[in-house]
Amino acid sequence: MNILFIGDVVGSSACENLRKKLPELKMAYSVDTVIVNGENSADGNGITPYSAKYLLDSGADVITTGNHCFKRKEMDSYYETSDIVLRPVNYSDDVVGRGFTVLDRGAYSLAVINLMGSVFMNCPENPFVCIDRVLEQINTKNIIVDFHAEATSEKMAMGHYLAGRVSAVIGTHTHVQTADEEILGGHTGYISDAGMTGVTDSVLGIKKEIIINNMLTGYPARHEYAEGVQVICGAVISVDEKTGICHSIQRIKC
């Protein structure tokens, strides 16, 4: 099976561009399942029921998030009813929403886990302890982990920690695509960051003038998403559905 993972989608214009290009991408890479990190998909930061539904209607099978998952209060009720729009699994069971899902594909099943890092982030539970607990609950060899983390070292450590235990560990959050895709231990696809889906002439999707002024003066300003030429970043992961082994991982930027 071929899985298309789309890196952090930033704002409504990026959502619109993804909707336009996704059918073409799915055909080009013979994609069976699409996973989209949508935690910045709503204008003004975060994810809303509207932006989540927009991404699902555009062809996403699962939406993952990260540290902005609860930025918008209206998402609480949405998380309650959805089993394919995820928040980080590090939160306790008392917190609304799900941290992983298992898709039934008939001949096989595919688990998607949304995990958040702890370095430089406000993480409720140590991700290494958390993932061990979660994997005990999953009864399929086909497992994709979105590891939403700040530090490259923590992402690499998690990749090696899960080598041979999951099909792929895909890093998100930093919005800059890395050139380190590989297969760890002959089993687990890995990339430190899938990159950003949004406007290229920006600072991580935000208007560059706002970020530059903030760094010059220290004066806070409301972030506004940039406008202009769009890019879609992500990775295509090919997995043997019988063994869960990743045969190839290819980053894409288009």
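Across which strands does helix α5 lie? I looked this up before anything else, keeping in mind that the model is predicted, that local features need pLDDT of at least 70, that side-chain atom pairs count only at pLDDT 80 or more, and that totals for chains, interfaces and linings use all residues. Residues are numbered from 1 along each chain as its sequence is written, and side-chain values use heavy atoms, with hydrogens and water left out.

Entry on the helices. I find that α5 (residues 152-162) lies across β6, β7, β8 (168-172), β9 and β10 (188-191), and that α5 runs at about 175° to β10. Helices (H or I, at least four residues) and strands (E, at least two) are DSSP runs, numbered from the N terminus; contact means heavy atoms within 4.5 Å; axes are lines fitted to C-alpha atoms, for helices over the stretch in contact, with angles from 0 to 180 degrees between N-to-C directions. I also noted α4 (residues 127-135), which lies across β5, β6 and β7 (143-148) at about 160° to β6.

Entry on the 6-stranded sheet. I traced an open sheet with mixed pairing in the order β5-β6-β7-β8-β10-β9, where two strands pair if DSSP finds at least two bridges between them. Because β5 (100-104) and β9 (182-184) each have a single partner strand, they stand at the edges, and one side of each is left without a neighbour in the sheet. Neighbouring strands here are turned by 25° against each other on average, direction ignored. I followed β5 to β6 (residues 109-116), an antiparallel pair joined by 5 bridges, in which L103 stands opposite L110.

Entry on the 5-stranded sheet. I read the order of this open sheet as β4-β3-β1-β13-β14, again with mixed pairing. Its edges are β4 (62-64) and β14 (246-253), each with a single partner strand, so one side of each lacks a neighbour in the sheet. I checked β1 (residues 2-6) against β13 (residues 233-239), which pair in the antiparallel sense over 5 bridges, with I3 opposite I237.

Entry on I252. Leaving aside neighbours within four places in sequence, I252 is in contact with residues including L4, L25, Y29 and Q177. I also looked up G234, which is 18 residues from I252 in sequence and 5.3 Å away in space, C-alpha to C-alpha.
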